[in-house]
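Thanks for asking me to look this one over. Below are my notes, as numbered points you can check in your viewer.

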Amino acid sequence: MRTGAGSTPTGTRSTPTASAAARRAPTPAAWDAAHRTAGPQYPGSTMCSAFRTVQGWTALSDMDHDQRVLHTVPIPEAMACPMLRPLLPDVADDDMCGVTVNQVFPVSEKWHPLLLEALSGIPDVRAGDSVWWHCDMIHSVAPVAGQQGWGNVMYIPAAPWCPRNERYAASVREAFLTGSSPSDFPEEHYERSRSGRFTAGRLGTTGRRGLGLG
């Protein structure tokens, strides 16, 4: 991308036109979360029906920085690059730079080498440490050779109350009450026939509120 700057000859002044002034007027930010709770979603197994403002990663075990910890490109606006990359002239009309239905949105050395230069890992973590990042940030778990033990983590995002999340909470509630897998997860239903599984009666105040159980 290239940007340019205009100039005015010495000794003269220019009066901004209405269109130029309009271009400089404040406009809603493209990444403003206020516009995301009602936007359309393309159905697929890799989508998230809930609206997440911040993503969270919590370690359940000690993990060194080279043991499959979280990596991010710490620039939220960089998400525009893989979204616009297929539109550039060096990409064939029928090529989406690796994007396919029901697969994660890829960032690769072939199509996005500059983004990968910014990929940064978190430092060593201990059980209970958590990391939070902007929902637009490109992120991954790095491959590892010679893994040392198990690395256990939980993804726990921040999801504010809004109509979209209220609908999702209702679907999760029904799945939870029957021991079924929630809609955004594979239909494995491990807990339907499991004895002693976690039930609504064991939920605390926060859990009940999050599922709309009062």
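**Notes on the model**

1. Histidine 189 sits in the loop between α4 and α5 (205-210). Helices here are DSSP runs of H or I with at least four residues, strands are runs of E with at least two, and both are numbered from the N terminus. The phi of histidine 189 is positive, about 50 degrees, although this residue is not a glycine.

2. A word on the ground rules. This is a predicted model, in which local features need pLDDT of at least 70 and side-chain atom pairs count only at pLDDT 80 or more, while totals for chains, interfaces and linings use all residues. Residues are numbered from 1 along each chain as its sequence is written, and side-chain values use heavy atoms, leaving out hydrogens and water.

3. You will find arginine 68 in the loop between β1 and β2. It is partly exposed, with a relative accessible area of 38%; the classes are buried under 20%, exposed over 50% and partly exposed in between, with a 1.4 Å probe and protein chains only.

4. On the overall layout, the protein chain has five helices and six strands. Read from the N terminus, the order of elements is α-β-β-α-α-β-β-β-β-α-α. Of the 214 residues, 24% are buried. Taking contacts (heavy atoms within 4.5 Å) between residues at least 6 apart in sequence, 70% join residues at least 24 apart.

5. For the surface, the protein chain exposes about 15100 Å², and carbon and sulfur atoms supply 57% of that area. The areas come from the Shrake-Rupley method with a 1.4 Å probe, and for residues only the protein chains shown count as cover.

6. Two bridges join β2 (residues 70-72) to β3 in the antiparallel sense, and threonine 72 has serine 120 in β3 as its bridge partner.

7. Leu60, Trp132, Met154 and Ile156 make a nonpolar surface patch of about 390 Å². Patch residues have over 30% relative accessible area and no salt bridge, and nonpolar side chains (Val, Leu, Ile, Met, Phe, Trp, Tyr) are joined within 5 Å. A salt bridge is a side-chain nitrogen of Lys or Arg within 4 Å of a carboxyl oxygen of Asp or Glu. Isoleucine 156 lies in the loop between β6 (153-155) and α4 (163-178) and is partly exposed at 37%.

8. Tryptophan 132 belongs to strand β4 (residues 130-134) and is partly exposed, at 44% relative accessibility. Beyond four places in sequence, tryptophan 132 touches Val54, Gln55, Gly56, Ile156, Pro157 and Ala158.

9. Leaving aside neighbours within four places in sequence, its contacts are Gln41, Arg164, Tyr168, Ser183 and Asp184.

Terms used: Pairing = 2+ DSSP bridges. Patch = residues over 30% accessible without salt bridge, like charges linked within 9 Å, V, L, I, M, F, W, Y side chains within 5 Å.
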